[in-house]
Structures are given as C-alpha cells and as structure tokens.
Amino acid sequence: MASYAPVSTGSTFGEPGPLDADDFDARRGDSELGRHDDDDDDEKRGVRDDSGQETVEEEELDEAATLLGNGKVEGADGASGDDALQVKRLSRSSDPGGAHARRPAAWKLWGGRGTGGMTKAEKALFTKEMFSQILPSMILSLLGAILTGLLLERLQKWRVFIRIEELFILVPILLNLKGNLEMNLAARFSTSANIGELDLRLTRRSLIFGNLALLQVQALLVSLISGLLSFALGMLARNGVHHGLQHPIHNPNTPDNAAAGGTGVTDALRGGYFEALLILCVSMLAASLSSAILGSFMCSLVVLCRRYKINPDNIATPMASALGDLLTLIILGLLSSLFAKFMGTLVSTAVFLCLLAAIGLNVVITFRNAYVQELLTIGWSPLFAAMVIASASGLVLEAYVNEYRGFALFAPVLTALSGNAGSIFVSRISTALHSSSTEHYAVVAFTLFAITSPVLLVFLAFAWLTGQATVSFTFALAFVAVVCVQVALALALGYFTTLLLWKWDYDPDVYALPLLSSFLDVTGQLMLVAAFAIARHVAGAPPSSSTTLEGTEPPLAMLML
C-alpha cells in the first residue's frame with residue numbers, strides 16, 4: 001500500500017491546508033506522528049524481514065520518506081532518483097518496521113471519533129463548509145448523468161452506430177472500465193494534496209506528469225481490452241447469439257428490428273479485419289484523448305483547491321464522475337464517424353500501431369517515476385472485478401427495463417449520485433488514514449446524507465413535473481425509501497471498505513472506488529425494481545415514462561453500468 005510522509009497542517013477541523021515550504025526542516029523531526037505510541041524504541045531497530053536481511057532503522061526511513069515527499073530527492077528528469085526509489089520501496093515493504101509502523105495511530109480512527117470532540121458551533125461551521133463545497137459538485141454530477149443519457153439516445157441513432165454494431169456494444173463496456181480510472185486519479189491526487197506532497201514545485205511536477213503517464217497506460221490498456229471484448233460480442237451476435245448489449249435494431253426479438261425490415265438490412269459493414277481495427281482505434285484513441293483532457297483538468301482542479309484552501313476530497317471524485325462519461329462519449333461519437341470514412345484503408349492500422357507505441361512510451365515514463373511506479377502492477381484486479389460485478393446489474397437491467405417503464409430514467413441517476421456520496425466519504429477517510437489526522441465520521445456521513453438524498457428527491461419531482469415520468473403517490477413513497485437506504489448503504493460500505501482495505505495493507509485510493517461503485521449499481525437497481533413492484537402491486541400498474549423514452553431505455557440505463 002502506498003505510504004506517504006505524514007504532514008501536520010494548520011487548517012481547522014482536520015481538513016489539511018497549504019504547508020509553507022520553510023516549515024519542512026522544522027517539521028522533519030515530527031516523524032513520530034504516524035507511529036504507534038506504545039512501540040518500544042528497541043523494537044524499531046534492527047528488524048529483520050523474512051529473508052533475514054536487516055532493514056533500515058525506522059527513524060532513518062521516516063526522515064528519508066519525508067525528504068522524498070518534500071521533493072528534495074529528485075532526478076534530473078523530474079522523476080525521483082535511485083535513492084528516492086529505494087526509500088519508496090522500503091517505505092512500502094511489508095516488514096514490521098516499514099509501512100505498518102506508522103499505521104496504528106491512524107488505525108485508531110477505526111473506533112470512529114465520530115464528532116472529534118467538536119462543539120456545536122464547530123459542527124455548524126464544519127457542516128456549512130461541506131455543504132458549500134459538496135452541493136455544487138453533486139448538482140453538476142446530476143446534470144452530467146442526465147446529459148450523458150440524452151447524448152447516448154442521440155448517438156444510438158447515428159448511422160455509424162447502426163451499421164457497426166460493435167461500436168454500440170463498446171459504449172457500456174468502455175465507460176464501465178474507464179470511468180473508474182479518473183475516480184482513482186482524483187482520490188489519489190486529493191490525498192497527495194492533503195498530505196502536503198503538492199506544496200513544492202518539483203514534487204508537484206513529478207506527481208502530475210507521473211499520474212498523467214500512468215493514466216494513459218491504464219486508459220489505453222483498458223480500452224484495448226474493451227475493444228476486443230466488444231468485437232467478440234459482435235461476432236457472437238452475428239452467429240445468432242443475441243444479448244442485451246446489442247443495438248435493438250440488430251436483435252430479431254425487438255420491435256426496432258422488425259420496423260427496420262429484419263437483420264439483413266444493416267449488415268453492410270459487419271465483420272472483418274478493417275472493422276476490428278476501426279473498433280480498436282476508436283476505443284483506444286477516445287480513451288487516450290479523454291484521459292489526457294480530464295486528467296489534466298483533475299490535476300489542475302486539485303492544485304487550485306489546495307491553493308484556495310478547499311478540500312479536494314469534497315469536489316474531485318464527483319467532478320470526475322460527472323465529466324468522465326460525457327467527455328468520453330462525445331469523443332467516441334466523433335471518432336467513430338471520422339474513422340468510418342476511412343474504412344477499408346490502412347489508416348486504422350497506422351493509428352493502431354502508433355497507439356501501441358504510446359503504451360510502451362508511457363510505461364517507460366511511469367516506471368521511471370518513483371511516485372507512481374508501483375501502480376503499474378497494482379490496481380488492475382479491482383477494475384476487472386468491478387466489471388464482473390457490474391455484469392450482475394446488466395442482468396437486472398435486461399430483466400426489468402422493459403417490464404417497468406421509467407426504470408432506465410431513474411436507475412442511472414440513483415446509482416451515480418449515491419456512488420458519488422460514497423466516493424467522497426472514501427476519499428476523505430483515505431486522506432485521514434494517510435495523514436494520521438482526525439476525520440469526523442458521523443458529521444461527514446450525516447452531511448453527505450443530507451445533501452445527496454434531497455438532490456435525488458428533487459430529480460424525482462423534476463421528472464414528474466416535466467412529464468418525463470408519471471409518478472404515483474405510492475411510487476414516490478417507495479422511491480424516497482429506496483433513496484434513503486441506498487445512500488445510507490453507500491456511506492456504510494464506503495466506511496467499512498476503506499478501513500478494511502487499510503487494515504489489510506491495500507491502498508483505499510486504488511482499490512475501494514471501483515468495487516464500491518459497481519456494488520452500488522447492483523443494489524440500487526435491485527431496490528429500484530422493488531419500488532416499481534410495490535407501486536404496481538398497490539396501484540395495479542407501474543408508473544410509466546413518457547413516450548419519448550420508448551425504445552431507447554435499455555441503452556440509456558446501460559450507459560451507467
């Protein structure tokens with residue numbers, strides 16, 4: 001698990017503030033902050049690992065790690081040198097004198113200093129600060145989810161998405177895998193900001209370029225796998241194996257296919273080498289461009305938050321969620337139309353080779369940066385585990401989206417906003433654990449609940465008033481209950497998942513968010529099915545959506561899986 005040099009900060013209520021560079025030397029002797037208070041000094045010296053090799057004394061390790069975190073051990077190329085790399089390796093080792101030595105003080109937070117001994121006035125000020133920072137990001141996240149759904153409804157009618165079915169299949173797979181990358185970047189960078197690693201220019205530059213290079217590696221590899229998987233599913237569909245990810249016009253069991261005159265009318269560009277290369281190029285190039293744009297934006301946002309004393313944990317992950325899918329979908333649609341014009345030429349082959357070379361180049365850059373080097377080999381398992389878990393929500397969607405009209409309207413928004421509440425909680429707890437500071441769990445959880453639940457209920461009223469859905473009184477009550485349970489579940493899962501991962505020596509900034517978001521997709525959709533079922537049982541018929549959503553509901557809901 002990533003180990004950071006603990007840094008004391010001067011801001012109120014445990015939210016770290018900017019650290020003056022002149023204070024670093026004075027604070028180097030404060031390295032006992034993250035250690036267990038009861039550890040004996042003799043036990044810290046001369047500890048041997050499993051191989052019998054003596055490790056560096058913990059006092060020396062903490063001092064070196066502090067120097068590394070301050071950017072004072074830097075190579076000429078902006079990445080840390082051999083000494084810095086050795087310090088990072090030692091600080092993240094599994095011996096008792098290494099990473100675990102500074103954990104117990106932070107681990108005491110498991111007991112839950114719920115309010116941190118705050119007075120009523122302090123609680124009121126703390127809650128006001130959280131409201132002012134989180135509420136705008138939640139509203140933007142809601143707008144992002146709605147705009148993304150509307151955009152997909154338009155894109156699925158484009159000629160290129162109809163004629164090349166694999167492009168349509170690619171959308172939910174790519175967004176599912178790639179959406180977690182920006183969330184992880186936002187969480188990692190927020191932690192780096194809050195523990196003071198961005199306060200010096202050299203360290204900040206190494207962290208930014210290292211994280212952006214790592215994001216390119218992850219985005220290109222994830223999009224390559226997404227493209228291959230979508231092409232394989234397209235081949236299965238061409239051989240009569242129909243599935244829920246298909247475009248409705250290609251599925252003989254849908255009214256859209258019958259209205260188009262059968263499957264044969266759209267087979268002109270289906271299959272072959274050039275189509276496979278088009279899918280891979282569009283997928284990888286869209287992921288790379290969106291990651292470069294959004295990654296740069298997220299890094300800049302976190303740096304600005306640090307400068308203006310705003311906690312990035314409250315803003316970064318919701319913004320990544322709101323903008324990530326929307327930006328990727330826009331670029332994917334434009335590139336699909338562009339590359340379709342070069343079908344049958346070697347343009348896609350040349351671009352694909354360049355993208356493979358870009359993977360190698362970014363791997364080298366990332367490997368030379370000690371801050372992010374180890375992330376090349378960790379963090380992949382939660383991404384693909386999240387995809388497996390999300391497939392369960394796909395089964396729920398396929399079974400009920402046509403049975404309950406309006407299901408696809410509410411499911412993406414419910415899962416997105418509850419997931420954002422959980423991600424903010426995870427990010428704040430992770431920062432507290434890495435910096436050994438106090439987090440006011442009960443106050444934070446109550447504030448997140450008080451912000452997220454009303455936003456979801458306002459969306460319910462908006463859908464009813466604008467005619468997007470017919471909402472009965474019974475369904476409204478059931479939806480209120482679903483919102484309360486789902487948001488509470490998101491906060492509880494975020495709390496226990498983060499602390500358990502920390503206890504088991506896994507960095508929550510890397511492992512927690514993909515698992516949390518995918519699990520909340522499943523629970524949110526299951527509870528929403530229950531709400532529709534209750535409304536139908538009481539009223540004799542389920543609430544129905546407006547006719548403008550007919551025939552486009554499955555793709556809209558699949559977008560957020």
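**Labels and the values behind them**

Me: What makes Y273 partly exposed?
Reply: Keep in mind that this is a predicted model. Y273 has a relative accessible area of 47%. Buried means under 20% and exposed means over 50%, so Y273 falls in between and counts as partly exposed.

Me: And why does F274 count as partly exposed?
Reply: Its relative accessibility is 32%. That value also sits between the 20% and 50% cut-offs, so F274 is called partly exposed.

Me: Why is the pair of Y273 and F274 called edge-to-face?
Reply: Two values go into that. The ring centres are 5.3 Å apart, and pairing asks for centres within 6.5 Å, so the rings pair. The planes are at 75 degrees, and over 60 counts as edge-to-face, so that's the label. A search of the whole structure finds 12 aromatic pairs.

Me: Why is the pair of F410 and F475 called tilted?
Reply: Here the rings are 5.5 Å centre to centre, with 55 degrees between the planes. Stacked needs under 30 degrees and edge-to-face over 60, so this pair lands in the remaining class, tilted.

Me: What makes this a tie between parts that are apart in sequence?
Reply: F410 lies in helix 15 and F475 in helix 17, so the pair links parts 65 residues apart in sequence. Ring pairs also join F410 and F475 with F459, F479 and F532 in a cluster.

Me: How do you know that F410 and F475 are buried?
Reply: F410 has a relative accessible area of 2%, and F475 has 0%. Both values are under the 20% cut-off, so both residues are buried.

Me: Which residues touch the most other members of the largest nonpolar core?
Reply: Those are F410, F425, L448, F475 and L528, out of 49 residues in that core. Helices 6, 15, 16, 17 and 18 each supply at least two residues of the core, and helix 15 gives the largest share, 13 residues.

Me: Which residues does L528 touch, leaving out those up to four places away in sequence?
Reply: L528 touches F407, F410, A411, L414, F479 and V482. Apart from this core lies another, of 44 residues, including L155, V171, A286 and F339.

Me: And the chain as a whole: how many helices and strands does the protein chain have?
Reply: It has 19 helices and zero strands. Buried residues make up 57% of its 561 residues.

Note on methods: Residues numbered from 1 in each chain as written. Predicted model: local features only at pLDDT ≥ 70, side-chain atom pairs only at ≥ 80, totals over all residues. Heavy atoms only, no water. Core = buried A, V, L, I, M, F, W, Y, C linked by side-chain atoms within 4.5 Å. Buried < 20%, exposed > 50% of the residue type's maximum accessible area, 1.4 Å probe, protein only. Helix = DSSP H or I, 4+ residues; strand = E, 2+ residues; numbered from the N terminus. Contact = heavy atoms within 4.5 Å. Phe/Tyr/Trp six-rings, centres within 6.5 Å; stacked < 30°, edge-to-face > 60°.
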